[in-house]
Structures are given as C-alpha cells and as structure tokens.
Amino acid sequence: MRVTPALRMQATRALRGGHGPDPKNGIYLGSWGNLGSPAQKGIVTYALSPNRQSPMAGAMYNAVFNTYRRTYHQILYWLPPLVLAYVTMEWATEKNHYLNSKPGRAETAENEE
C-alpha cells in the first residue's frame with residue numbers, strides 16, 4: 001500500500017523549532033525569552049524608590065541588634081587572639097621594665113661574665 005503525501009503526519013512548524021505562522025493559533029511568537037515577541041500591553045506598574053519611603057526606618061534598632069548578632073557569632077574567632085596578644089604584651093612590657101631597672105641590669109651583668 002502506498003501512502004500519499006496528503007496522509008503523512010508531519011510535526012507542525014512550531015514543534016520543529018520554526019518561527020513561522022501557526023495555522024491553528026495564528027502567529028507563533030517564539031519560545032520564552034525570545035526578544036522577537038511584541039511588547040505586552042495594558043500592564044501598568046508603579047513603584048516608589050526605597051530612598052523616598054523612609055531611608056532611616058529602623059536604623060538604630062538594626063544597628064544595635066545586628067552588631068550584637070554579628071559579634072555573638074564571631075567572638076570566638078577574634079577574642080582569644082586578642083586576649084593572648086594583650087597578655088603577651090603585658091608580660092613583655094613588665095620584662096622590659098625589669099631588665100632595664102637596676103636589679104635587672106645586675107642580673108644580666110652576672111650572666112654575661
């Protein structure tokens with residue numbers, strides 16, 4: 001049996017990726033994001049810039065509580081090195097004062113001989 005060209009089923013142009021006219025719906029506009037489609041009409045949006053609303057709304061509240069939250073979560077990263085540096089500097093300052101005092105110089109003079 002021979003199939004005539006009129007009885008063959010073919011995919012529509014839209015399904016094959018073409019951008020030509022669609023016989024059922026009229027004009028095929030393309031897939032999502034295709035810039036060739038016409039602009040939408042009848043959609044109106046209004047917006048107010050955040051700077052025009054209230055730029056300092058909640059600034060003091062957020063400053064206090066954000067600072068607390070960030071400090072709370074990061075304190076173990078910076079407090080131990082800070083305490084260690086402070087203790088080390090105190091020890092070094094006291095040792096320097098002692099070594100530059102009369103008893104300290106006498107102690108180091110005994111070790112040099």
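Colleague: How far apart are the end C-alpha atoms of α2, and what would a straight helix reach?

Modeller: The expected span is 1.5 Å times one less than the number of residues. With its 41 residues, α2 would reach 60 Å if straight, but its end C-alpha atoms are only 52 Å apart. Please keep in mind that this is a predicted model, where local features need pLDDT of at least 70, side-chain atom pairs count only at pLDDT 80 or more, and totals for chains, interfaces and linings use all residues. Residues are numbered from 1 along each chain as its sequence is written, and side-chain values use heavy atoms, without hydrogens and water.

Colleague: Where does α2 bend, and by what angle?

Modeller: At I75, by about 65°. That is the angle between axes fitted to the seven residues ending there and the seven starting there.

Colleague: What is the order of elements in the protein?

Modeller: From the N terminus, β-β-α-α-α, which gives 3 helices and 2 strands. These are DSSP runs: H or I over at least four residues for helices, E over at least two for strands.

Colleague: Why is Y77 called exposed?

Modeller: Exposed means over 50% relative accessible area, buried under 20%, and partly exposed in between (1.4 Å probe, protein chains only). Y77 has 63%, so Y77 is exposed. Y77 lies in helix α2, residues 59-99. Across the 113 residues of the protein, 4% count as buried.

Colleague: Which residues make the nonpolar surface patch?

Modeller: Y77, W78, L79, L82, V83, Y86 and V87 make a patch of about 760 Å². A nonpolar patch joins Val, Leu, Ile, Met, Phe, Trp and Tyr side chains within 5 Å (like charges are joined within 9 Å), from residues with over 30% relative accessible area and no salt bridge. A salt bridge is a Lys or Arg side-chain nitrogen within 4 Å of an Asp or Glu carboxyl oxygen.

Colleague: Why is the pair of Y68 and Y72 called stacked?

Modeller: Rings of Phe, Tyr and Trp (its six-membered ring) pair if their centres lie within 6.5 Å; planes under 30 degrees apart are stacked, over 60 edge-to-face, the rest tilted. By this rule there are 2 aromatic pairs. Y61 and F65 form a tilted one, at 4.6 Å centre to centre and 45° between the planes. Y61 is exposed at 57%, whereas F65, at 45%, counts as partly exposed. For Y68 and Y72 the centres are 6.1 Å apart and the planes at 20°, so that pair is stacked. Y68 and Y72 both lie in α2, 4 residues apart.

Note on methods
Areas by Shrake-Rupley, 256 points an atom, 1.4 Å probe, with all protein chains shown as cover.
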